Amino acid sequence: MQRFQCYIDGEFADGEARFESIDPATGAVWAEMPEAREADVDRAVEAAHRALYAGPWAKLTATQRGKLLYRLADLVAENAQRLAELETQDTGKIIRETSAQIAYVAEYYRYYAGIADKIEGSYLPIDKPDMDVWLRREPIGVVAMVVPWNSQLFLSAVKIGPALAAGCTMVVKASEDGPAPLLEFARLVHQAGFPAGVVNIITGFGPSCGAALSRHHKVDHIAFTGGPETARHVVRNSAENLASTSLELGGKSPFIVFADADLESAANAQVAGIFAATGQSCVAGSRLIVEKSVKDRFLDILKAKAEAIRIGSPLDMATEVGPLATRRQRDHIEVLVGHSLAAGARLVTGGSAAEGAGYYYRPTILDCDGSASPSLEEEFFGPVLSVLSFETEAEALALANNTRYGLAAGLFTRDLTRAHRLMKGIRAGIVWVNTYRAVSPIAPFGGFGLSGHGREGGMAAALDYTRTKTVWLRTSDDPIPDPFVMR
Ligand code: NAD
């Protein structure tokens, strides 16, 4: 059985305890993970704090930080296939996706490597004579990064990359469900030559390890990705250290299809939007909102595509849908589908777990027209699509915005003026027009409302890991005159 370790202060170490990790494709234990508890968390945060102020990291130039990031990017690219296999083994996400995604993760590190020495301060045209005043951009401090199990290398790269570019130090908490790829990634951080304590990677359970980390008094910022309920805990924890937070949470993203759209192309995008990653994607296009006149035709195309999907071992390159990451996840989907059918949703296809070992669930489509299905509001985080239809553009927009989430939206139409109108009206952090689920290090990513706040990706994300220092320098050699007059 494989054993993994935490990475704290430049050393690989066991946690206070250990726990077993399950292969979701078989339900069998395949590896042993270190469980970090409060004392481990404390060691990691102290190491990050020391590295921030006292170690060689603090003395590096921004260009030198960028060079370390370039080295890390190269190592991620060189090791992408091995990391992908680990992620697939530990989370069940299919190898076709993990291998492509992790190869692309290298590009995120490369992008932020280039940004490291482009984070500039500014000079202020101050309204006083004999004064030079400028803003320095300094690292925000020690960052706690808490991530979920889906796409951990990607979700951590969009935090680690900009934070390192900005000069921060950090403790990254891998999810207790499938931490193998992030713990293994720590070896690349070590190999790249980052000074001890700059990047610490641990794993453990939410209420112990995650809570201890997010309320630690030496943490300055918490970058969290996960569900809204956990985010509430994290925000409450931040009342202890008054750390700032950025929250990337869930979604119930609308996928709007007008009758004039290329239906075949839209159907492929819808399959990518809801069945890729077995639906375990925060941007899953989980609410199809389709124009009534083409609803039946579009559902026929989708049903045929859903039923042709190859379900199988996630390590097989031919597999298109693998297992859910955990039994808990599959049970949640079964219960929610049951409630939705009881509330009047009609099953178009799927609706049951696949036979055999492992946590498989069939690609499922629920026609929710005329029902008050809970599937329209609650996130499945699984391969389940809920369908509604509309007759007017205004109706489509109202349905799209009828959610407390606001992460992403898809819009399929050939009418460009309509696309512009709707793009402005949709309440979501990302709108994809005639495409879906495209990402890039250059493009910010994040949501509104229950989907959280803060943006990852892009230049601004690096600035978010900085804080400004205002420096006043008096340029006159004359003695300060009246000490009782503020100047
Ligand atoms: P989760 O919220 O259960 O867990 C996320 C992380 O929080 C884990 O590492 C967990 O250990 C930790 N945690 C749990 N309790 C904690 C506590 N009290 N204090 C501190 N940390 C704690 O999420 P999950 O089930 O692992 O992942 C699925 C969720 O993540 C979905 O809602 C999904 O939409 C969301 N997600 C969002 C994005 C995005 O970028 N917006 C990306 C991927 C996933």
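Predicted model: local features only at pLDDT ≥ 70, side-chain atom pairs only at ≥ 80, totals over all residues.
Asp-14 is partly exposed, with a relative accessibility of 37%; here buried means under 20% relative accessible area, exposed over 50%, and partly exposed in between, with a 1.4 Å probe and protein chains only. Residues are numbered from 1 along each chain as its sequence is written, and side-chain values use heavy atoms, with hydrogens and water left out.

Let me continue with Asp-14. Its salt-bridge partner is Arg-3, with the closest N and O atoms 3.8 Å apart; a salt bridge is a side-chain nitrogen of Lys or Arg within 4 Å of a carboxyl oxygen of Asp or Glu. This pair links distant parts of the chain, 11 residues apart: Asp-14 lies in the loop between strand E3 (11-13) and E4, and Arg-3 in strand E1 (residues 2-3). Helices (H or I, at least four residues) and strands (E, at least two) are DSSP runs, numbered from the N terminus. Arg-3 is exposed, at 52% relative accessible area.

Arg-3 also forms a salt bridge with Glu-32, where the closest N and O atoms are 3.1 Å apart. That pair spans 29 residues, from Arg-3 in strand E1 to Glu-32 in strand E5 (residues 28-35). Glu-32 is partly exposed, with a relative accessible area of 21%.

The next pair is Lys-295 and Asp-367, whose side chains meet in a salt bridge of 2.9 Å, N to O. Lys-295 belongs to helix H10 (residues 292-308) and Asp-367 to strand E16 (residues 364-367), 72 residues apart. Both partners are buried: Lys-295 has a relative accessible area of 9%, and Asp-367 is at 8%. The whole structure holds 30 salt bridges.

I turn now to the ligand. Which residues are closest to the ligand? Of the 29 residues that surround it, the closest are Val-147, Glu-176, Thr-230, Leu-249 and Glu-379; a residue counts as near if one of its heavy atoms lies within 4 Å. An oxygen atom of the ligand is 2.8 Å from a polar backbone atom of Gly-227. The protein covers 89% of the 860 Å² of accessible area that the ligand has on its own, with areas from the Shrake-Rupley method and a 1.4 Å probe; for residues, only the protein chains shown count as cover.

A nitrogen atom of the ligand is 3.5 Å from a polar backbone atom of Ala-211. Ala-211 is one of the buried residues of helix H7 (residues 206-214). Elements covering the buried residues of H7 include helix H1 (38-53), strand E11 (221-225) and helix H8 (228-241).

Finally, consider Thr-349, in strand E15 (residues 346-349). Is Thr-349 buried or exposed? Thr-349 is buried, with a relative accessible area of 9%. Leaving aside neighbours within four places in sequence, Thr-349 is in contact (heavy atoms within 4.5 Å) with residues including Lys-303, Ala-306 and Pro-363.

Terms used:
Polar contact = N/O pair within 3.5 Å; in protein donor to acceptor, adjacent residues only side chain to side chain.
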